[in-house]
Amino acid sequence: MTTSQRLPPLKALHAFEATGRRGSFQSAAEELSVTQAAVAQQVRQLEERLGFPLFLRQRRGLQLSERGRAYFHDVQRAFALLREATDTLLSRKRVITVSVTPTFAAKCLIPQLPAFAQAHPTLDLRVLASDVLVDFARDGVDLAVRLTRRSTQRGVTADFLFAELIVVASPALIGAQPLPLDAAALARYPLLDDGQADWPAVLQGQPIRQALHMNQAALAIDAALASQGVAMVNRRFVREALERRQLLQVMVDPVQSDWGYYLVMPTRNRTDAALAAVGEWLKMLANESATPR
């Protein structure tokens, strides 16, 4: 059998790669602008040619089989090389997708995008703001910044960025109250809870009299700026507000936490020069956010 006879049709491989990445025939069909039946047929023909199932058809949806998962990673890498080669040939920008938490996007990343574009004119950085955990193989994401414990996921590396939590409030809320606040004084104020704040750790047994709950650190920061309560947030996100004295650090010691922000990426991506450059830039953003001017 010749090499050309052993190589499956490119259309079938394309259907398989899109399905494995998107997780369903329907999503793959929408991406490829064909019908769901056409994608399913291409994948089925590829399975018949290879002699083993690539997907497990389950009631809850498709799942790559063990051999299918190994094949998918290689096929996806091959298509990535083809796309990169074509972009280089046509002098197009390299598209890199980074998934970050909404707060990191708003407080660190978005303000610096013009500087990134100027420093890296051949790269097109696309930002997805989400707290949802990334499936790198399926979601088309190259790098991610996540609030998490250190990742032990196989095939994924995590570089620590920052984790320091501090307690802050607006001068208008604190008024003439002497600083720093002790636990009894702190407990008299509304406490803003974004899910990461660990108020029992600083209240020393004092009861929480009033708490305002929200699902984003950025919302807690905005509420603190609006004098709605005291917030426990990462220092990196309130650096400018502290410099401008829009917020005050009202307790001296940082709050210890097992959670931190990490730069996460597939281990195989670390050898990609463009992705490494974006990763180093994200690390620089984290360091700049922590360093007083």
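Over the ring of which residue does the charged end of Arg-67 sit? The ring is that of Phe-52, and the charged end of Arg-67 is 4.0 Å from its centre. Here a charge sits over a ring if NZ of Lys or CZ of Arg is within 6 Å of the ring centre and within 35 degrees of the ring normal.

A word on the source. This is a predicted model, in which local features need pLDDT of at least 70 and side-chain atom pairs count only at pLDDT 80 or more, while totals for chains, interfaces and linings use all residues. Residues are numbered from 1 along each chain as its sequence is written, and side-chain values use heavy atoms, with hydrogens and water left out.

I turn to ring pairs. The structure holds 10 aromatic pairs (rings of Phe, Tyr and Trp, the last by its six-membered ring, with centres within 6.5 Å; planes under 30 degrees apart are stacked, over 60 edge-to-face, the rest tilted). Phe-162 and Phe-237 form an edge-to-face pair, because their planes stand at 85 degrees, with ring centres 5.5 Å apart. Phe-237 also pairs with Tyr-261: the centres are 5.3 Å apart and the planes at 90 degrees, so this pair is edge-to-face.

Both Phe-162 and Phe-237 are buried, meaning under 20% relative accessible area, where exposed is over 50% and partly exposed lies in between (1.4 Å probe, protein chains only). The relative accessible area is 6% for Phe-237 and 3% for Tyr-261, also buried.

Finally, ring pairs link Phe-16, Phe-25, Phe-55, Tyr-71 and Phe-72 into a cluster.
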